[in-house]
Amino acid sequence: MGVFERYLSVWVASAIAIGVGLGVVFPPLFELIAKIEIAHVNIVVALFIWVMIYPMMVQVDFSTIKEVGKNPKGLILTLIINWLIKPFSMAALGWLFFEGLFADFVSPETAQEYIAGMILLGVAPCTAMVFVWSQLTKGDANYTLVQVSVNDIIMIFAFAPIAGLLLGVSDIHVPWFTLMLSVVLYVLLPLIAGVLTRKALNNSAQNEAAVQSFLEKIKPYSVVGLLATVVLLFGFQANTILAQPLNIVLIAIPLVLQTYGIFVIGYFIALKLKLKHNIAGPACLIGTSNFFELAVAVAISLFGLHSGAALATVVGVLVEVPVMLSLVAIVNKTTHWFKE
């Protein structure tokens with residue numbers, strides 16, 4: 001395990017603190033960066049997210065999909081959680097808390113934006129951090145590749161329709177062009193770039209070692225992209241975070257409940273399916289975590305950098321790492337529950 005994976009929570013917490021600090025000290029800088037956009041897509045955010053996602057997409061190997069038939073249960077579990085349960089449970093929690101329990105604490109307009117951000121998180125299954133969670137739980141690396149590959153294909157076609165459906169049900173205006181553009185920009189194009197890179201490396205060296213060597217070289221850039229994105233996002237929201245700490249807590253509560261709740265559902269099903277631990281662990285963590293990079297980017301494109309939706313997805317980043325690390329610990333302490 002590398003230094004990044006071992007101290008992941010430290011790096012992300014440091015990036016959050018730096019982002020908030022810079023946002024308070026240099027607000028004109030972040031205002032300038034916020035204006036650098038094309039078709040409602042912030043170019044700087046897009047660049048950092050691309051730097052972060054691209055190495056992860058190079059790891060995706062569609063040739064592994066043929067192995068699904070040998071052990072389909074883990075993949076089926078992940079797909080059911082990602083596409084049939086999580087988006088709808090997230091939307092339901094958003095409605096429950098911000099149109100019900102927390103209705104007196106935020107305005108109706110703000111509540112709608114928070115719900116929108118939560119929906120975008122729920123519809124974005126994890127891609128980038130999947131490999132970290134799998135490695136931390138000693139998961140089957142090849143099977144994780146299968147899960148990521150299949151999920152990415154489905155995401156190209158399912159993200160926009162499901163997000164549009166749930167946003168529409170919430171009476172939130174859906175700018176379809178921007179939504180589709182975001183899917184192309186943050187899912188389809190990085191995925192194509194990763195596949196073409198992997199193919200070129202395999203053709204040139206005719207072995208997988210070339211891919212692994214390339215990934216080792218570009219992995220630090222992915223880490224830089226992640227931390228830079230976190231700094232930027234929390235810099236944009238610094239004043240809001242400091243001025244409205246209660247709202248951060250209000251958003252975090254349903255997000256934490258969603259994460260633990262989905263994990264419990266997935267882990268229970270994995271036990272009933274009698275999956276091996278090295279498949280059950282990653283399968284549940286993939287279904288639990290979010291592709292927060294995509295959710296943040298789409299929220300910014302649809303609603304703006306300083307919107308409640310963008311803030312909700314940024315709180316998703318804040319919640320994601322510590323909660324997922326606690327679930328990793330649970331997975332690692334329950335290996336005896338599963339067959340070898």
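Predicted model: local features only at pLDDT ≥ 70, side-chain atom pairs only at ≥ 80, totals over all residues.
Local features need pLDDT of at least 70 and side-chain atom pairs count only at pLDDT 80 or more, while totals for chains, interfaces and linings use all residues. Residues are numbered from 1 along each chain as its sequence is written, and side-chain values use heavy atoms, with hydrogens and water left out.

From first to last C-alpha, the 18 residues of α2 reach 26 Å, close to the 26 Å expected at 1.5 Å a residue, the expected span being 1.5 Å times one less than the number of residues. Buried residues of α2 (under 20% relative accessible area, with exposed over 50% and partly exposed in between; 1.4 Å probe, protein chains only) include Leu8, Val12, Ala15 and Ile16. The buried residues of α2 fall within an arc of 130 degrees seen down the axis, so they line one face of the helix; the arc is that of the directions from the helix axis to the C-beta atoms. On the other side of α2, Ala17 and Val25 are exposed.

Val24, also in α2, counts as partly exposed because its relative accessibility is 39%.

Leaving aside residues up to four places away in sequence, Thr144 touches Val130, Phe131, Ser134, Pro282 and Ile286, where contact means heavy atoms within 4.5 Å.

Terms used. Helix = DSSP H or I, 4+ residues; strand = E, 2+ residues; numbered from the N terminus.
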